[in-house]
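Reader: I've got this one open in the viewer. Can we go through it piece by piece?

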Amino acid sequence: MLALLAFGLLGAVGAHALVFGNGHQIGGGLHGQLIDILFGASAFAALVVVAKSLCGGRLCADGGALAATLRSALPSLRATLLSSGAWFAAIESCERAHGMPIFAILFAIVAVCALLVGGSHLAVHALRAARLLLVASLGTQGSPTLSPRRSAPQRQRARSVALRRHLFSRPPPVTA
């Protein structure tokens, strides 16, 4: 949920900058607080990503578990669009009345959100590749490697009841 709110705020601020440029301050009188919230949300998201990327052990050795964890935390494009629209409306309600090109705003929100979501998925792939590279470079420097696990002995497949009772299913031969 926090990622969705942060992505929505980033999308709204990016769309505002794309449409209005330096025409006026975003958020009117709340400009400073809005920028503080933006930087706080970005720093918190970066901290979560760094903390998850530093997880050790066999679960994150290849980066697959890390990528899956981060990918599941990323919001979808549709949810990001809705969140950005809500943030944009809230930000504009704090400003004084001015003309707004609606179609340009909608296009900017869609473009910025697509860039955010697509870029975040690329960043997850890049982080996984970096984790693989780090593990590979540490493995070649003589650092202790993980001991290979013994595979569990394969269990014999249980035969069905009919197959197990096959020997006893016929009467003994008649001797005459």
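Reader: Where does Leu 106 lie?
Author: Leu 106 sits in helix α5, residues 102–140. Helices here are DSSP runs of H or I with at least four residues, strands are runs of E with at least two, and both are numbered from the N terminus. The model is predicted: local features need pLDDT of at least 70, side-chain atom pairs count only at pLDDT 80 or more, and totals for chains, interfaces and linings use all residues. Residues are numbered from 1 along each chain as its sequence is written, and side-chain values use heavy atoms, with hydrogens and water left out.

Reader: Core next. Which residues have the most contacts inside the largest one?
Author: Leu 9, Phe 88, Ile 91 and Ile 109, in a nonpolar core of 14 residues. Such a core is a set of buried Ala, Val, Leu, Ile, Met, Phe, Trp, Tyr and Cys residues joined through side-chain atoms within 4.5 Å.

Reader: Which elements give two or more residues to this core?
Author: α1 (2–20), α2 (31–53), α4 (77–93) and α5. The largest share, five residues, comes from α1.

Reader: What does Ile 109 touch?
Author: Ala 15, Leu 81, Ser 84, Gly 85 and Phe 88, leaving out residues up to four places away in sequence. Contact means heavy atoms within 4.5 Å.

Reader: What is in the second core?
Author: That separate core has six residues, including Leu 70, Leu 74, Val 117 and Val 124.

Reader: Back to α1. What is Leu 10 in contact with?
Author: Leu 38, Ser 42, Val 112 and Leu 116, setting aside neighbours within four places in sequence. Leu 10 lies in helix α1 and is partly exposed, at 29% relative accessibility.

Reader: Now the surface. Which residues make the nonpolar patch?
Author: Met 1, Leu 2, Leu 5, Phe 44 and Leu 47, over about 570 Å². α1 and α2 are the elements that give two or more residues to the patch. Met 1 lies in the segment before α1 and is exposed, at 75% relative accessible area.

Reader: How many helices and strands in the protein?
Author: Six helices and zero strands.

Reader: How many of the residues count as buried?
Author: 22% of the 176. As for contacts between residues at least 6 apart in sequence, 86% join residues at least 24 apart.

Reader: Confidence, then. What is the mean pLDDT?
Author: 75, and 66% of residues reach 70 or more. pLDDT is the predictor's confidence in each residue, from 0 to 100.

Reader: Which element has the lowest mean pLDDT?
Author: Helix α6, residues 161–164, at 66, while α4 has the highest, 87. Where pLDDT is low, the predicted coordinates should not be read in detail.

Methods
Buried < 20%, exposed > 50% of the residue type's maximum accessible area, 1.4 Å probe, protein only. Patch = residues over 30% accessible without salt bridge, like charges linked within 9 Å, V, L, I, M, F, W, Y side chains within 5 Å. Areas by Shrake-Rupley, 256 points an atom, 1.4 Å probe, with all protein chains shown as cover. Salt bridge = Lys/Arg side-chain N within 4 Å of Asp/Glu carboxyl O.
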